[in-house]
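The stops below are given in the order in which they may be selected.

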Amino acid sequence: MLSSTSARRLSRRGLLAGGAAAFGLLLTGCGDGDPAAPSSGDGGPWTFTDDRGEKVSAENRPARVVAFTGTAAALVDFGLDKQIVGVFGETKRADGTTDPQAGDLNVESMEILGNVWGEFSVEKYAASRPELLVTHMYDPGALWYVPDESKDKILPLAPSVAITTARVPMTTPIERYARLAESLGADLSAKKVTDAKARFEAAAESVRQAVKANPGIKVMAASGSPDLFYVSNPKVSTDLMYFAELGVDIVVPTKLESGDYFEALSWENAGKFPADLILLDNRSTALQPKDLAAKPTWAQLPAVKANQVTPWDAVPRFSYAGAAPLLEHLATAIRSAKKLS
């Protein structure tokens, strides 16, 4: 039997080729709860109620923030900068280039506490003198990329904030991170932010229009591993849930694994769900089309034969700037796809 930690990794990272958790019950206060209470100034008191329903407080607004890489990048998109002093999660690739998850982060100016799942240097974290830890929450109470085996050493060093990133549409964590960034001193009326929001709204409309212009396109979000083909559930994955709200017809798997994130298919059964367009997990932890080419059942999928496979950011950056290109790309893919059955 799997341990609870292993089960969480299978649930989330199985679908996305490696991750945490099955999100059970959506906590009250997730989207609406007590909003952030911006401090009166850098030296003033600060509070924020996160999606665990916990009210986090500090005598002064936190000025030294450590966050999951994608979280840090989202906060930077909303206007934070020097407040981000450390990150954990995929940040740099093996060839030294910046991971796409990092967005516009200046990764050379901050401490990287860990670059892969399960890697988090407690020593580096303590040395960074953190005033706040921020990350996603897929499971109730589980902090994304904060290892279970060392969390009892990590969490006492600074207050922590968790933002729900499952079973709610993508706009919810975007709005929550915006509110958090504002509480930490970001100006949401800045042109950078308002332009990004306008681009996001236009991109969302472009998806709606693409669906109307090319009706009936069946979309499947998937991730490949050496042994299994994971089909993602749009009723749980926050980005897919939002795509569905925009009118995209997304495959809903029927035999879900623990956590309801996905159905794990053997490669022999990879063709179980007909699809005209495949969104394929584009992270380095998942197999890419060149890796999958040797698998006969992959090559036989109608969407693969028709070259209707497009990259999918399975863990999106929850900001308007991060999400707008994803919507634009999706709209283009739907508009150009052909009905295959």
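**First stop: helix H6**

The buried residues of H6 pack against helix H2 (69–77), helix H5 (171–183), helix H7 (238–245) and H11; contact here means heavy atoms within 4.5 Å. Helices (H or I, at least four residues) and strands (E, at least two) are DSSP runs, numbered from the N terminus. The model is predicted: local features need pLDDT of at least 70, side-chain atom pairs count only at pLDDT 80 or more, and totals for chains, interfaces and linings use all residues. Residues are numbered from 1 along each chain as its sequence is written, and side-chain values use heavy atoms, with hydrogens and water left out.

Select residues 191–213 to display H6, whose 23 residues should span 33 Å at 1.5 Å a residue; the expected span is 1.5 Å times one less than the number of residues. The end C-alpha atoms of H6 lie 32 Å apart, which agrees.

Next, colour the buried residues of H6: Val193, Ala196, Phe200, Ala203, Ala204, Ser206, Val207, Ala210 and Val211. Buried means under 20% relative accessible area, exposed over 50%, and partly exposed in between (1.4 Å probe, protein chains only).

A salt bridge is a side-chain nitrogen of Lys or Arg within 4 Å of a carboxyl oxygen of Asp or Glu. By this rule the model has 15 salt bridges.

Select Asp249 and Lys218, whose side chains form a salt bridge with an N to O distance of 2.9 Å. This pair links distant parts of the chain, 31 residues apart: Asp249 belongs to strand E10 (residues 249–250) and Lys218 to strand E8 (residues 218–224). Asp249 is partly exposed at 35% relative accessible area, and Lys218 is partly exposed at 26%.

Move on to Lys339 and Asp276, which meet in a salt bridge at 3.1 Å, N to O. Here too distant parts of the chain are linked, 63 residues apart: Lys339 is in the segment after helix H11 (320–336), and Asp276 is in the loop between strand E11 (262–266) and strand E12 (277–281). Is Asp276 buried or exposed? Asp276 counts as buried, at 1% relative accessibility, whereas Lys339 is partly exposed, at 45%.

**Last stop: a salt-bridge network**

Finally, select Asp50, Arg52 and Glu54, which are linked in a network of salt bridges. Within it, the closest N and O atoms of Arg52 and Glu54 are 3.6 Å apart. Arg52 counts as buried at 16% relative accessibility, while Glu54 is partly exposed, with a relative accessible area of 40%.
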